[in-house]
Amino acid sequence: MTDFIDLGFRGSDRVIATAVLSGPGGVTLVDPGPTSCLPALEDGLRQRGLTLRDVRSLLLTHIHLDHAGAAGTIVERVPAIRVHVHERGAPHMVDPAKLLASATRLYGDQMDALWGAFLPVPAANVTVLTGGERIAAAGTSLRVAYTPGHAKHHVSYLDETTGVALVGDTGGIRVSGDYLLAPTPPPDIDLAAWRDSLDAIEAWQPVSLFLTHFGEVTGAKAHLMRFRETLASQAEAVRQSLVAGNTDEERTRVFVEQMRREVRKAMPEHEARATELAAPFDQLWQGLARYWSKQA
């Protein structure tokens, strides 16, 4: 099993997981999470007899704040750390002004409470990825694939030693049981690219998948098949809502209410709340609505 730290986002478990790869070469963290959760990350490392000083590299699946927000703060504290990120995301890690402006449009005055500081990563610390690379980290070899669909700057990693594919948000969200959700926030949703990315992950023939939201999933092939169906169904629900003749506010409200009913049928209340923390339901509608509007 892949070791990971539950970051306890907003006081809830099973929302954001940071994978911890340890080996003779030190520690690598995959998706270190937001700076607001850095105390939980450090506490998790301490429980393993580690500190940030033991970390040699950060592997980012993509640059959204829940995955990558703490990277600059960590590098500020440990200046030798390397940060691996896709070429489309790298400029925004070095100069996050546009990224933060975009996120502020979604989160408004909740930005600091949700995410904390997003410090820039010095360009000298950034390793730019395009997909197809092999990375030596924490005593193992990891393959890199470019996996857009959720975000244009998304990559996934295959640990060739264990057969675990660390897929960020490309493999969906599974907080509880078998309930799957497609994370579809604006602005980058691309269903065709996402399907191609799932093909690329499946071609690795991974033993299991590691989802940032949340944890390791065995039976990778079956999960990917189910997630394809989830993504298609969620996208179709939003497409149908767009022809209903209502306002966007009303469409969003109906979609959110339906999602809340669904998750509460599938899981206990505290896990339902964790699911919505991992993927705010109004944003799921917004991202797919934007996608469908671009197809018109």
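Buried means under 20% relative accessible area, exposed over 50%, and partly exposed in between, computed with a 1.4 Å probe on protein chains only. The model is predicted, so local features need pLDDT of at least 70 and side-chain atom pairs count only at pLDDT 80 or more, while totals for chains, interfaces and linings use all residues. Residues are numbered from 1 along each chain as its sequence is written, and side-chain values use heavy atoms, with hydrogens and water left out.

**Exercise 1. The surroundings of E216**

Task: Find which side chain of opposite charge is nearest to E216, and which atoms or side chains E216 reaches.

Solution: 

Step 1. Locate the residue: E216 belongs to strand β12, residues 215–218. Helices (H or I, at least four residues) and strands (E, at least two) are DSSP runs, numbered from the N terminus.

Step 2. Assign charges: Lys and Arg count as positive, Asp and Glu as negative, and His and the chain ends are not counted.

Step 3. Apply the salt-bridge criterion, a side-chain nitrogen of Lys or Arg within 4 Å of a carboxyl oxygen of Asp or Glu. E216 is buried and has no salt bridge; R174, the nearest side chain of opposite charge, is 9.7 Å away.

Step 4. Look for polar contacts, which are pairs of N or O atoms within 3.5 Å; within protein, one must be able to donate a hydrogen and the other to accept it, and residues adjacent in sequence count only if both atoms are side-chain atoms. The E216 side chain reaches the backbone nitrogen of T2 at 2.6 Å. A polar contact with the side chain of S208 is also 2.6 Å.

Step 5. List the contacts, meaning heavy atoms within 4.5 Å. With neighbours within four places in sequence left aside, E216 touches M1, T2, V164, R174, S208, L209 and F210.

**Exercise 2. Aromatic pairs**

Task: Classify the ring pairs F4 with F214 and F9 with W115.

Solution: 

Step 1. State the criterion: rings of Phe, Tyr and Trp (its six-membered ring) pair if their centres lie within 6.5 Å; planes under 30 degrees apart count as stacked, over 60 as edge-to-face and the rest as tilted. The whole structure holds 6 such pairs.

Step 2. For F4 and F214 the centres are 5.3 Å apart and the planes stand at 90°, so this pair is edge-to-face. It links distant parts of the chain, 210 residues apart: F4 is in strand β1 (residues 4–6), and F214 is in the loop between β11 (208–211) and β12. F4 is partly exposed at 26% relative accessible area, whereas F214 is buried at 3%.

Step 3. F9 and W115 are stacked, with 5.3 Å centre to centre and 15° between the planes. F9 lies in the loop between β1 and β2 (17–23) and W115 in helix α6 (residues 111–115), 106 residues apart. F9 is buried at 3%, and W115 is buried at 7%.

Step 4. Check for clusters: ring pairs link F4, F210 and F214 into one.

**Exercise 3. Salt bridges**

Task: Determine where the partners of the salt bridges E42 with R77, R251 with D248 and R260 with E276 lie.

Solution: 

Step 1. Side chains of opposite charge can pair when their charged atoms come close. The search of the whole structure gives 14 salt bridges.

Step 2. E42 and R77 meet at 3.2 Å, N to O. E42 is in helix α1 (residues 38–47) and R77 in helix α3 (residues 71–77), 35 residues apart. E42 is partly exposed at 23%, and R77 is partly exposed at 38%.

Step 3. R251 and D248 meet at 2.7 Å, N to O. Both lie in helix α9 (residues 248–266), 3 residues apart, about one turn of the helix. R251 is buried at 14%, while D248 is partly exposed at 40%.

Step 4. R260 and E276 meet at 2.7 Å, N to O. R260 is in helix α9 and E276 in helix α10 (residues 269–278), 16 residues apart. R260 is partly exposed at 38%; E276 is buried at 18%.

Step 5. Note the network of salt bridges that links D199, E202 and R228.
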